[in-house]
Amino acid sequence: MLERANTFKKHLMEQPWGLWWLQARRLIRIEVRRNLFSWKASWIYFLAFIPTLIILIHLLFESHPAFALSDDTNVLAGIVQFYYIRLGVFFGCLGIFSRLIRGEMIERSLHLYLLSPVRREILLLAKFAAGSISALVLFGSAIIADFALMYAAFGAAGQDCVFNGPGLGQLEAYLAIIILACLGYGAVFLLLSMMFRNPTPAAMLVLGWEAINPVLPSLLQKISVASYLRHLMPVTIPGDGIFALLTVQTDPVSGWAATLGLLLLIAVVLAYSCLQIRRLEIRYTTD
Amino acid sequence: MSVYKHEYRAYSGRVTPLWTRVVVLARYGFAEVWSSKITVGLFTLSMLPVIVFLIGIYLANNPVARLIIMRGNPQVLTIDAAYFLKVLETQSWLALVLSAWIAPRLVTFDLADNALPILLSHPISRVGYVLGKFIALFASLSLVTWIPCLLLFAYQGYSSSQPWAVANIPLAGGIMAGAVIWITLLSILGLALSSWVKWRVVATGLIFAAIFVPAGVGGIVSAILRTKWGFLLNLPVIMSELWQRLLGAPEVRWPDQYIPNAAIAGVLILICVVSVAMLNARIRAREVVRG
């Protein structure tokens with residue numbers, strides 16, 4: 001047993017990790033530049049920063065009495081829970097991560113990567129990392145800007161809430177939620193873009209699944225990105241209408257358990273994606 | 001006659017009527033759309049709720065079933081405007097799914113393959129081209145919206161022991177009007193968005209995003225600026241309001257969130273005008289070559 005472990009360790013050490021790291025870095029740089037600094041990416045900026053613009057209008061043109069602080073805290077929680085997780089990050093990641101593999105197929109340029117002496121797993125993981133970096137930079141900075149503008153309007157009361165109250169803790173939680181949401185949805189959409197020629201209908205099924213998830217039995221709620229993120233929300237905003245009546249209350253899960261659960265889900269999806277890309281064949285005539 | 005004397009002359013024979021050329025495009029568009037197994041699958045899925053609603057109508061009108069299942073309580077299942085509102089809403093949202101699949105198939109192939117210059121070199125105008133595609137999409141969406149809804153209405157009229165259909169003719173009119181407004185909007189919006197992107201994958205996502213992302217933005221506007229006018233960006237909300245009023249179903253929103261009919265009509269007209277402008281900009285006999 002020990003001998004086998006030593007052989008495995010030796011085998012691992014013999015791998016060209018330096019070369020793989022170099023290749024991954026180059027691929028990440030190319031993809032990040034394409035995702036963040038091209039005009040085609042402008043719509044993702046819109047998705048990320050439109051709430052910031054609305055909060056800025058609120059800051060400039062409306063009064064902010066101190067008693068409205070808790071209301072605005074709830075509004076910010078609602079923006080993260082209902083806009084960013086359900087729509088902004090969802091559609092943003094759908095666009096970013098679907099383009100990484102399927103976009104290259106449609107542009108008929110994926111074979112150039114596949115013909116180069118790069119392991120396919122390195123290619124996939126580098127593209128995933130690049131997509132994640134792009135999504136995190138955009139949505140993370142949008143959350144920070146939203147938070148800063150929301151509390152800046154209250155002057156000293158807002159400052160007190162952020163630095164002496166629960167403000168910074170909430171910001172940390174929102175950033176953690178956005179990071180996990182980008183990674184979770186990113187992994188799912190990367191896999192879908194390899195499995196389907198048009199991944200959007202499957203992504204819409206995911207959207208529907210995420211939307212009805214709170215009313216599903218607790219076991220089925222575990223197969224969802226949003227259900228893990230719900231447990232991390234520092235301020236929970238209940239849904240209204242029929243969904244509020246049908247919502248199945250699950251046992252509270254600790255932040256660590258929810259984070260580990262989601263990271264495990266991401267790892268499983270990425271491992272399956274690595275298997276998929278090894279078997280990937282391109283038929284440009286049908287794509 | 002020497003070859004150089006063969007000059008261009010316009011065709012002087014009998015030409016087909018203008019409307020038949022549009023119908024040709026619509027026919028081929030319809031065939032293209034329904035050649036996909038996924039379209040057939042989506043259509044089948046869209047019909048499943050109709051079967052459920054049909055069973056509901058049967059149960060509501062069958063005295064034995066009422067006695068056994070509903071224990072004679074007529075309040076359990078009442079076939080009224082609220083019931084048909086549920087039917088219309090369900091079918092209309094399924095029509096959105098179908099249009100997100102169909103609309104890109106009608107337009108993006110022509111644009112991606114640079115086929116528009118060839119198509120428009122035939123005796124068909126740009127308006128005719130768009131109209132042909134619109135008819136194909138509108139007809140496909142009709143199959144899952146107003147046609148099954150009116151069939152359910154007719155079945156209710158047939159199976160009801162009282163003279164139900166005549167007394168509820170305005171309900172049928174509301175169903176028809178609500179569904180036609182929705183699928184007209186979906187058809188124009190779907191074609192416009194599909195014409196602006198080269199990839200079908202992106203176009204499908206864009207149609208969903210164009211409905212749901214403004215809805216989220218509208219929600220933020222309403223919550224942050226404390227105004228009801230943010231709902232005007234929320235197409236699901238304003239369509240639900242419109243259908244409810246057209247069918248005469250009971251109000252479900254608070255009175256302070258009331259959106260006037262003129263505002264709803266204004267938003268829908270604005271969406272259509274912007275969509276037509278988008279189509280006007282993109283549907284042109286030109287080939288863009290970058291490189």
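Tutor: Let's start with a crossing: α6(B) and α9(B) cross in a right-handed way (left-handed would have the near helix turned anticlockwise from the far one by less than a right angle, right-handed clockwise). Helices here are DSSP runs of H or I with at least four residues, strands are E runs of at least two, and both are numbered from the N terminus.

Student: At what angle do α6 and α9 of chain B pack, and how far apart are their axes?
Tutor: Helix α6 (residues 126-142) and helix α9 (residues 169-196) of chain B pack at about 135°, with axes 9 Å apart. The axes are lines fitted to C-alpha atoms over the stretch in contact, and angles run from 0 to 180 degrees between N-to-C directions.

Student: Why are α6(B) and α9(B) called oblique?
Tutor: Under 35 degrees counts as roughly parallel, over 145 as roughly antiparallel, 65 to 115 as roughly perpendicular, and the rest as oblique. With their angle of about 135°, α6(B) and α9(B) are therefore oblique to each other.

Student: Which residues make the contact?
Tutor: Among them are B:Phe134, B:Leu137 and B:Phe138 of α6(B), and B:Ile183, B:Leu186 and B:Leu191 of α9(B). Contact means C-beta atoms, placed from the backbone, within 7 Å.

Student: Before I trust this, where does the model come from, and how is it labelled?
Tutor: It is a predicted model: local features need pLDDT of at least 70, side-chain atom pairs count only at pLDDT 80 or more, and totals for chains, interfaces and linings use all residues. Residues are numbered from 1 along each chain as its sequence is written, while chains are lettered from A and ligands numbered from 1 in the order written.

Student: OK, zooming out: how many helices and strands does chain B have?
Tutor: Chain B has twelve helices and zero strands. Its C-alpha trace spans about 90 × 50 × 30 Å along the principal axes.

Student: New topic: how many residues of chain B are in contact with chain A?
Tutor: 19 residues of chain B are in contact with 24 of chain A. On the chain B side, α10(B) gives the most, with 15 residues.

Student: And which residues touch the most other members of the largest nonpolar core?
Tutor: They are A:Val89, A:Cys93, A:Phe139, A:Ala181 and B:Leu191, in a core of 150 residues. Helix α4 (residues 69-106) of chain A supplies the largest share, 18 residues. Such a core is a set of buried Ala, Val, Leu, Ile, Met, Phe, Trp, Tyr and Cys residues joined through C-beta atoms within 7 Å; buried means 20 or more other C-beta atoms within 10 Å, exposed 12 or fewer, and partly exposed in between.

Notes:
Contact = placed C-beta atoms within 7 Å.
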